[in-house]
Each structure stands twice: as structure tokens, then as C-alpha cells.
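Student: Could we walk through this structure together?
Tutor: Gladly, let us open it up and take it step by step.

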Amino acid sequence: MHKIISKLLISFYLVIAVQNTEASPAQIKSVKELIKLSELENVLHTSLDEMQPTLDAEAENILLRILGKQRLTTTEEHLAVIELGQLLKETSSKMFARPETLQAIEKIYTETLSEEEVQAYLKFLRTPEGKSINQKNLKINTNVFQYMNNLSQKMLADPEQSLQLKEQLLSIIKPLIQDE
């Protein structure tokens, strides 16, 4: 009888312990503090500055498609690329500044992280190492993004890869075109 009671008590304590280890949802107040401490707005603006070469490359691709050319040939076209690249940066910057963008980011944080994770992240960001890593993460992410973008550009510039991609694209959209 004593063994049964002991097993029931242990089971009861285990159930309580498991229930207490469930993560609680992230609180908006904590998320706002996390966004502030992680300097998200500064990170976004700095990332735009560091992404300028990528934005310029995209601007050049846009202009080449519009002009139906393979490469830029005039000074005016090169100047237009600079202006288009700046326009892409300014447009992105304006999107970041919108209140609904910040609300969407806050929602992403609250849906992704628990309150315990937010608190652990805040604790980490308050350390010198946390601050340093937070700043370096921007550089890492920007470099990875630029690398992937350059890799994508090289793949599209390769005639064989480009042809293969076009064929795959056509096979996907062909049924849509035939239905019309």
C-alpha cells in the first residue's frame, strides 16, 4: 500500500512539474524591450546601407529588363541605376518606419518566442558579449544575403543554367497560358 501511495505522489509531482515547465507566451512589453535593446531599427537601417550594392545590382537588372538590353552602355543609364538603387533603399527605409511594420515584427517575435526565451535573450543582450554578437550578426546576415544574391546572379548569367531555368519556368506556366 505504501508503494502505491509513493508512486501516486511521484506521479502527481511529475504532472505538476511538467505543467510548470510549459513556456508562457511572450509578453508585448518584453518584446518591445527586446526590440529596443537589440537595436532593431538601427540594425535595419544599417543593413540597408550595407545592402546598397545588392540594391544597385537589382536596380541595374530592372533597368536592363525595361530597356531590353544585356548591358548598360551610356552614362545616363549608369546614373539611372544609381538613382534607382537609391529609390529602392528609400522605399525600403520608409517601409521600416511604418507603425504597422513594427507591429508586424512585434507579432512575429511574440508568436515565435516564449516569455522565458525573450527574458533569456534580454539577459544575453545586456552582456558585453551579447551586445557585440548582436552587432556582428548584422554583418554576418548581410554578407550571407549578398553572397546568396551574387550566387543567384551568377547562376542566371550562366547561359546553360539560365536556359534550364527558363525551360522549368515555362513548363510550370505552360498550362496557365494554354487555358486562356
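What follows is a set of questions and answers on this predicted model.

Student: What is the order of elements in the chain, from the N terminus on?
Tutor: Good place to start. The chain has nine helices and zero strands. From the N terminus on, its elements therefore run, with helices counted as DSSP runs, α-α-α-α-α-α-α-α-α.

Student: Are α3 and α5 roughly parallel or roughly antiparallel to each other?
Tutor: Two packed helices are described by the angle between their axes and the distance between the axes. Here the axes of α3 (residues 40-50) and α5 (residues 75-97) come within 10 Å and cross at roughly 170°. Angles over 145 degrees count as roughly antiparallel. The two helices are therefore roughly antiparallel.

Student: How do the residues of the contact of α3 with α5 divide into nonpolar, polar and charged?
Tutor: From α3 come Leu44, His45, Leu48 and Asp49, and they meet Lys89, Ser92, Ser93 and Phe96 in α5. Sorted by type, the residues of this contact are three nonpolar, three polar and two charged.

Student: Which residues does Leu34 touch, not counting residues up to four places away in sequence?
Tutor: Leu34 is one of the residues of the largest nonpolar core. Leaving out residues up to four places away in sequence, Leu34 touches Tyr109, Leu113, Val118, Tyr121, Leu122 and Leu125.

Student: Is Ser38 buried or exposed?
Tutor: Ser38 is found in the loop between α2 and α3. Beyond its neighbours within four places in sequence, Ser38 is in contact with Val43, Tyr109, Leu125 and Asn134. Its relative accessible area is 5%, and the cut-off for that class is under 20%. Ser38 is therefore buried.

Student: What is phi of Glu39 near?
Tutor: Glu39 has its place in the loop between α2 and α3, and at 36% relative accessibility it counts as partly exposed. Its phi is a positive value in a residue other than glycine. That phi is near 55°.

Student: What separates the C-alpha atoms of Leu37 and Tyr121?
Tutor: Leu37 is found in helix α2 and is partly exposed, with a relative accessible area of 29%. Not counting residues up to four places away in sequence, Leu37 touches Leu122, Leu125, Arg126 and Asn134. Leu37 and Tyr121 are 84 residues apart along the chain, and their C-alpha atoms are separated by 9.8 Å.

Student: Which residues does Ile28 touch, not counting residues up to four places away in sequence?
Tutor: Ile28 also has a place in helix α2, and at 42% relative accessibility Ile28 counts as partly exposed. Its C-alpha atom and that of Lys107, 79 residues apart along the chain, are separated by 8.3 Å. With residues up to four places away in sequence left out, Ile28 touches Glu106 and Thr110.

Definitions and conventions:
Residues numbered from 1 in each chain as written. Predicted model: local features only at pLDDT ≥ 70, side-chain atom pairs only at ≥ 80, totals over all residues. Heavy atoms only, no water. Axes fitted to C-alpha atoms, helices over the stretch in contact; angles between N-to-C directions. Helix = DSSP H or I, 4+ residues; strand = E, 2+ residues; numbered from the N terminus. Parallel < 35°, antiparallel > 145°, perpendicular 65-115°, else oblique. Contact = heavy atoms within 4.5 Å. Nonpolar A, V, L, I, M, F, W, Y, C, P; charged D, E, K, R; others polar. Core = buried A, V, L, I, M, F, W, Y, C linked by side-chain atoms within 4.5 Å. Buried < 20%, exposed > 50% of the residue type's maximum accessible area, 1.4 Å probe, protein only.
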